[in-house]
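This briefing covers the overall fold first and then a few selected sites. Please keep the sequence and the model at hand while reading.

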Amino acid sequence: MWRRSGTVRAMTYQKGMHEVADGVWAYLQPDGGWGWSNAGLITDGDRSLLIDTLFDLKLTGEMLDAMRRTTPAANDIDALVNTHANGDHWYGNSLVAGAEIVASARAAAEMLELPPDRFAQLMKGAPDMGGAGAFLARVFAPFDFDGIDAAFPTRTFSGELDLTVGDRRVSLFEVGPAHTAGDVVVHLPDDGVVFTGDILFHGGHPIVWAGPLSNWIAACDRILALDPVIVVPGHGPLAEPSAVADLKGYFEYLTVEARRRFDVGMSAVDAARDIDLGPYSDWSEDERVVVNVGCLYREFGADMPNDAGNLMAHMAAWAEQR
């Protein structure tokens, strides 16, 4: 397994390409907040596999140009893996012409629910959506969703799938539903590298769109069992496995605290506001706590709406109060 004298290369957090193993790069987008996702490139000789595209065509084009400047193998991407169905990880797919696009079957189905043209219409209607619309308009203002043609997966799988990039082994395994319905983690077993998609938000609060949250805890355990040297999160700077352990601890802490408040009849929104985030108080995007607590309340048996509009409204109210 790949090691760099027992240490990981210096984990600077700046935009662009970062080599995490020989012929393997992470592409980072600070500050890692709403829509600012990471991607990856795996190569061997002239073969290449891209992990995720970005939220719009401009950003994806910039990333692909940076990859081509870094290695000739990026001139013709052979395959693309989309780790899940959130648009900031696949709306740029159409710029990777000719590549086989791989995703879990559940992710592929979820992509049909909110393709880029529908998201563009949603954003245009944001001014008429009250507080939730204002929140959407604010967090997604940097991105341009017009003129994006959807490029959906051409190959799907359930469970696990082994691929090769030249002679390099790449293992995909499904850990959703957790963040979304069909989350996939990409593991390079001979290189000690894991690309987590949005199973890891590093330095920011995660958001449980799908759940159950217990599945996400299990996904953290599965990543930790791989004993990686370096972890490439879906958002945020490069990480060591301790970041995955921290995220698991966050979910376990939130579960205990939410259960205490559920048992005494406190509403999910009031519970989210009442919980002391303690060691997680410096994580960004803390408005997501209200969604995560709501997910836990559903796991506890509460009958609560889980539509995106309702969740955005709660986060907008949280952010405004903050």
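A residue counts as buried under 20% relative accessible area, as exposed over 50%, and as partly exposed in between, with a 1.4 Å probe and protein chains only. The model is predicted: local features need pLDDT of at least 70, side-chain atom pairs count only at pLDDT 80 or more, and totals for chains, interfaces and linings use all residues. Residues are numbered from 1 along each chain as its sequence is written, and side-chain values use heavy atoms, with hydrogens and water left out.

**Overall fold**

- The protein holds 9 helices and 12 strands; these are DSSP runs numbered from the N terminus, with helices being H or I of at least four residues and strands E of at least two.
- Along the principal axes, the C-alpha trace spans about 60 × 45 × 35 Å.
- Of the 322 residues, 57% count as buried.
- Taking contacts (heavy atoms within 4.5 Å) between residues at least 6 apart in sequence, 66% join residues at least 24 apart.
- The accessible surface is about 12700 Å², and carbon and sulfur atoms account for 48% of that area; areas come from the Shrake-Rupley method with a 1.4 Å probe, and for residues only the protein chains shown count as cover.

**Aspartate 274**

- Aspartate 274 belongs to helix 7 (residues 268-274).
- Aspartate 274 is classed as partly exposed because its relative accessibility is 43%.
- Leaving aside residues up to four places away in sequence, aspartate 274 touches Arg261 and Met266.
- Its side chain makes a polar contact with the side chain of arginine 261 at 2.8 Å; such a contact is a pair of N or O atoms within 3.5 Å, where within protein one must be able to donate a hydrogen and the other to accept it, and residues adjacent in sequence count only if both atoms are side-chain atoms.

**Valine 186**

- Valine 186 lies within strand 10 (residues 184-188).
- With a relative accessible area of 0%, valine 186 is buried.
- Residues touching valine 186, beyond four places in sequence, include Ile42, Val81 and Phe195.
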